[in-house]
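Hi everyone, thanks for making time for this.

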Amino acid sequence: MARLILFRHNGKRFYQGEWEDDKPSGKGTLYWPNDSKRSEGSFKAGKRNGHCVARREQDGAAVFDGIYEDDQRVEGKAMTPDGWKQFD
């Protein structure tokens, strides 16, 4: 059964969301140090899997919107200095 939990990883980042088998699993948010960014979306076995949106913490602006598999981006769009870039 999934449960909500707040988990800190070596004081560097933390996860808030559903938890299963001692790992982030289900819907949640992964926060980076110094309030720099966060990833909101789906997690499985401790890794981003499925749709996630990465946001800058300072203003909530999206910097990536797409699909992850085993914590790797597989398709989506990312904000670059020249605007949004689509990749797959």
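Let me start with contact, which here means heavy atoms within 4.5 Å. With that in hand, take Arg-48: leaving out residues up to four places away in sequence, Arg-48 touches Trp-32, Ser-39, Ser-42, Phe-43, Tyr-68, Glu-69, Asp-70 and Asp-71.

A word on where this comes from. This is a predicted model, so local features need pLDDT of at least 70 and side-chain atom pairs count only at pLDDT 80 or more, while totals for chains, interfaces and linings use all residues. Residues are numbered from 1 along each chain as its sequence is written, and side-chain values use heavy atoms, with hydrogens and water left out.

Back to Arg-48, which sits in strand β5, residues 47-56. Strands here are DSSP runs (E, at least two residues), numbered from the N terminus. Is Arg-48 buried or exposed? Arg-48 is buried, because its relative accessible area is 10%; buried means under 20%, exposed over 50%, and partly exposed in between, with a 1.4 Å probe and protein chains only.

The side chain of Arg-48 also makes polar contacts, one of 3.2 Å with the side chain of Ser-39 and one of 3.3 Å with that of Tyr-68. A polar contact is a pair of N or O atoms within 3.5 Å; within protein, one must be able to donate a hydrogen and the other to accept it, and residues adjacent in sequence count only if both atoms are side-chain atoms.

Now for Lys-44, in strand β4, residues 37-44. Lys-44 counts as exposed, because its relative accessibility is 57%. Setting aside neighbours within four places in sequence, Lys-44 is in contact with Pro-24, Ser-25 and Asn-49. Lys-44 and Asp-70 are 26 residues apart in sequence, yet 8.0 Å apart in space, C-alpha to C-alpha.

Next, some backbone angles. Most residues other than glycine have a negative phi. Asp-22, though not a glycine, has a positive phi of about 65 degrees, and is found in the loop between β2 (13-20) and β3 (23-31). Asp-71 has a positive phi too, of about 75 degrees, and its place is the loop between β6 (62-69) and β7 (72-80).

Last stop, the β7 and β8 pair. A hairpin joins them through two residues. The strands run antiparallel, with five bridges between β7 and β8, residues 83-87; pairing takes at least two bridges found by DSSP.

Key
Helices (H or I, at least four residues) and strands (E, at least two) are DSSP runs, numbered from the N terminus.
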